[in-house]
Every structure is written in structure tokens, then in C-alpha cells.
Amino acid sequence: MKTICLAILLATSLVASAQTKTTIVDSLIHRSNRIGVFKGNVLVMDKGKVIYKAAIGYTDATEKQILTTAYRFHIGSIAKEFNAVAIMMLKEQGKLSIDDKISEYLTGLPAWADKISIKNLLQYTSGLPNLKWGELKSDGEAMAALKKFDKLDFEPGTQYAYNNSNTLLQRQIIAEITGSSFAEFVTNKLLKPCGMSNSIVDPTDELLVARSYNNARLQSPMLYPISGWTAVTLDDFYKWEKALESFKLISPQSTREILTPFSSGKQCGLGGGTMDGEKLTYHQHDGTALNYQALLTAYPARGRTIILLTNNKQNTLYDVNKAIEDILDGKPYQQPKKSVLNDFAGQLDSLNGNEIIPWYNHLKSKYATEYGFDSESSLNMIGYYYKGKNRIDDAITVFNYNTQLFPKSGNVYDSLADAYNAKGDKEKALLNYKRSVALDPNNEMAKKIIEELEKK
């Protein structure tokens, strides 16, 4: 009898705990919406159970029609996962090798096509120039623009440069091998087998597609310089993640190949993540397109997946994600605030290295309560903004200052380490990765990078 009573009490406690977390997450999301830092759809799974699922925002710039969880969102760069998985499916079918040169599949390209392998495209190490995408309106125009370049930016396999020229050629190769368009292949061979019946490749004016817009309520046109972008619902996005975790479409070995970057801290086919043997242990990927942003974070062993989709970019998804994770872990959390990066990117571009921190502190004294100065992510995002523009020394300046402000955060040391790693300073990269792991023993990615660096 005592055993039964204890079991009932335990079950009741677990239900109450889940309800409490649901209530707190709901409060977080609604307050984030009220202060203008999040509009969109949210799915929170923990221990394999739905903790929270909601839509909060509008379908378009008129802000007249309310979003529902049935709406589809573009997910930006995360859609490149479909390229990577498709290529590995074709590899497993014996239809290509990732070491094949692209000239074996695409004709009419300059001589550099004999040097670039499919693996180079997957790891963004092709040396292909980044095109002026704003001037292009189709795959054909993009291919014609590429053909005008007679030399690469660097020798394939020697450097990393993240750009959509690699994405374009991946999709062209898939279409050439399969004899169908990339969109048809994704629909028939990826979406349908995963049960993703509500996802669409390259939507235009279809119903239930959220339209992206900025804070001035200017709506972005649904025009893209290259085709092949998949828009998903919350439920379909979760199905995609579960397909990756269960190796429904490709093997663990193939998954590992597209989860392995050219070098530590760089993007790979699946964004970023770790594997332990034949198990996917961590997966995170973010994407931006027009005023859409998306973020997926998954810890398969814990049955935890957090999906955030927005059609009103505020650069706050990582803050919202961190707060949700802290709630799930029973930790104190910080309410996300407005993004300095989102509102002041133009000023950041005009600053030189020794001007950045004084400017930031002046902004902090002026807008102390409006923006997220009390959160490490505010400077972290600025640091990665500079890193993305290859202003590595400026990124190091920002990240280093962040470690002074938040010395107990493993994440800020991880970011500083990423910047030193990008600069090629192995000694300082190792030092800060180790500091990160000391403060956050669950940082599996940092542990993996430390192991790689110590082998060199």
C-alpha cells in the first residue's frame, strides 16, 4: 500500500512540476511578445513530452490576422540540411562520392570545377566567390554569374568561407543526378518519408505561410535568388529532427560526416552538434532569411527539443532559448530584452576596435532597462557579428570584455575561444575552451574541440 501511495505522490509531483514549467515558459513567451522581442511559434519538448506549444504574433505585416501553430515559416540556412542529407542519401545509394569533383556532374563551368569536390561544397571550403545575390533572380542567373569567374578566392580545401554559392551547386548536383528538380526530390524523398505533410519547398502565395516583415511593418517579398528553400510548421520541423536522431534517412556514419566541420567552430551540413558512437547527442542550428529567423536546439538523450520560429526578426532567439532551457532545468532565468545588434548594427559597422567598448557602455548608460545589457548574449551577439564579417580582432575585443562582465559563464569563454581559434591562436583557444568546460561541464562541443586541438 505504501509503495502505491508513493508512486501516486511521485506521479502527482511530476505532473505538477511539468505544469509549473509550462506556466513559467508561457509567462516568458508572452512577456517577450509584449516588450517586442519575440513574435512567432514555439515548441518545447522535454523528456519526450510536449511542455509548451504556442503561436504568438501575426501572419503578416498588417498585423491583423493572428498566427496559429499550423503556419509554415522559412527557416533560412537550416534548410541547407535538406541538401546535405540528400547528398548523403545519394552517396549511400552509390550514385556519388563526396570526393567526386563537381565537373563530373555539372558541365559548362570554368576550369575550377575540376578542383572542387562535393565535400568542399558541404564544408564551405570550395573557394567559390560569394555572388551579388541581391542582383540575381533565379538559379539560371546565379549559374551564369558563377561561370563568369575564372578563378577561385582560394584553393579548395584550404580555407572556409560560408556562402550560398556552395548551396547553389549542391542543389544543382542533386537535380542532375536524380533527373528531377531539387524541390521535387526534397518533397518526395525527404518530406514525405518523414511524414512532413505540411511543409512546402519555395512557397509563394500559399495559405498558411507566415510572411516576414520588419519593425516598420514593411513586408519582405517572397523572392529568392536561388530555389530550394523549405518552409516548415512546428510539428514538421520536430519530425525532421526526430528523423535525424533515429537515422531514418541516412546512417550514423553519414550523419557524422555532415556533422563534422572543416575546422572547430565552423558550420557544417547540419549546423553544429556532437555524436557519441552511433548516437546523436546534441544538435543546434540557426537560420535567417529576410526577416525570418529560426532556431532548433536538441538533446536527444534527454528527449529535449526547443524550436523557435519567427517572421519578425529581433535577433533574440538565443536569449529566448537560453531562458527556456534554464526553466526546464529549474534554474533562475533572465527575461530577454531588446537586441542591441538588431537596432544598432549600422553603428557597429562604423566603429573601429578601440571605439566599440566605450560606445557600448555609453549605450548601456542611456538605455539600461530597454536592452539586454544584463545578459551575456548582448555582447556575445555583437562579437559573432564582427566574427562573421571577418573582423576577428574586434570580435576578440568584444568577447574578452564579456568574460570580464560575466566571469562565471562558460559560454562567454567558449565564444572567446571560438574567436581565437578563428585567428589561428591555438594556445589561447585551448586555454579558453578549458575555462569554458570548467565552468560548464556539459559543454560537449568544447570538449570535442579541445580533443581535436590537442591532437594538432
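Mentor: Start with a cut-off: buried means under 20% relative accessible area, and exposed means over 50%. Keep in mind that this is a predicted model.

Trainee: Is Ala84 buried or exposed?

Mentor: Ala84 lies in helix α2. Its relative accessibility is 0%. The cut-off is under 20%, so Ala84 counts as buried.

Trainee: How are α2 and α6 oriented: roughly parallel or roughly perpendicular?

Mentor: Helix α2 covers residues 80–92 and helix α6 covers residues 182–191. Their axes come within 11 Å and cross at roughly 75°. Angles of 65 to 115 degrees count as roughly perpendicular, so α2 is to α6 roughly perpendicular.

Trainee: How do the residues of the contact of α2 with α6 divide?

Mentor: From α2 come Phe82, Asn83, Val85, Ala86, Met89 and Leu90. They meet Phe182, Phe185, Val186, Lys189, Leu190 and Leu191 of α6. The division is ten nonpolar, one polar and one charged.

Trainee: Which are the edge strands of the six-strand sheet?

Mentor: The sheet is open, with antiparallel pairing and the order β2-β1-β9-β8-β7-β6. An edge strand pairs on one side only. That holds for β2 (49–56) and β6 (272–276).

Trainee: Which helix packs on that sheet?

Mentor: The twist of the sheet averages 5° from one strand to the next. The helix in question touches β1, β2, β7, β8 and β9. Its direction makes about 150° with that of β9. It spans residues 317–328 and is α9.

Trainee: What is the bridge partner of Leu43 in β2?

Mentor: Strand β1 covers residues 40–46. Seven bridges join β1 to β2, and the two run antiparallel. In β2, the partner of Leu43 is Lys53.

Trainee: Which side chain does a polar contact of 3.2 Å join to that of His74?

Mentor: His74 has a relative accessible area of 2%, so it is buried. Beyond four places in sequence, its contacts include Pro203, Met222, Trp229 and Tyr292. The polar contact at 3.2 Å links the side chain of His74 to that of Tyr224.

Trainee: Is Phe247 buried or exposed?

Mentor: Phe247 sits in the loop between α7 (234–246) and α8 (252–257). Its phi is positive, about 55°, although it is not a glycine. The relative accessible area of Phe247 is 19%. The limit is under 20%, so Phe247 is buried.

Trainee: What is the relative accessible area of Arg217?

Mentor: Arg217 lies in the loop between β4 and β5. Its phi is near 60°, a positive value in a residue other than glycine. Arg217 is partly exposed, with a relative accessible area of 48%.

Methods: Residues are numbered from 1 along each chain as its sequence is written. This is a predicted model: local features need pLDDT of at least 70, side-chain atom pairs count only at pLDDT 80 or more; totals for chains, interfaces and linings use all residues. Side-chain values use heavy atoms; hydrogens and water are left out. Axes are lines fitted to C-alpha atoms, for helices over the stretch in contact, and angles run from 0 to 180 degrees between N-to-C directions. Helices (H or I, at least four residues) and strands (E, at least two) are DSSP runs, numbered from the N terminus. Angles under 35 degrees count as roughly parallel, over 145 as roughly antiparallel, 65 to 115 as roughly perpendicular and the rest as oblique. Contact means heavy atoms within 4.5 Å. Ala, Val, Leu, Ile, Met, Phe, Trp, Tyr, Cys and Pro count as nonpolar, Asp, Glu, Lys and Arg as charged, and the others, Gly among them, as polar. Two strands pair if DSSP finds at least two bridges between them. Buried means under 20% relative accessible area, exposed over 50%, partly exposed in between (1.4 Å probe, protein chains only). A polar contact is a pair of N or O atoms within 3.5 Å; within protein, one must be able to donate a hydrogen and the other to accept it, and residues adjacent in sequence count only if both atoms are side-chain atoms.
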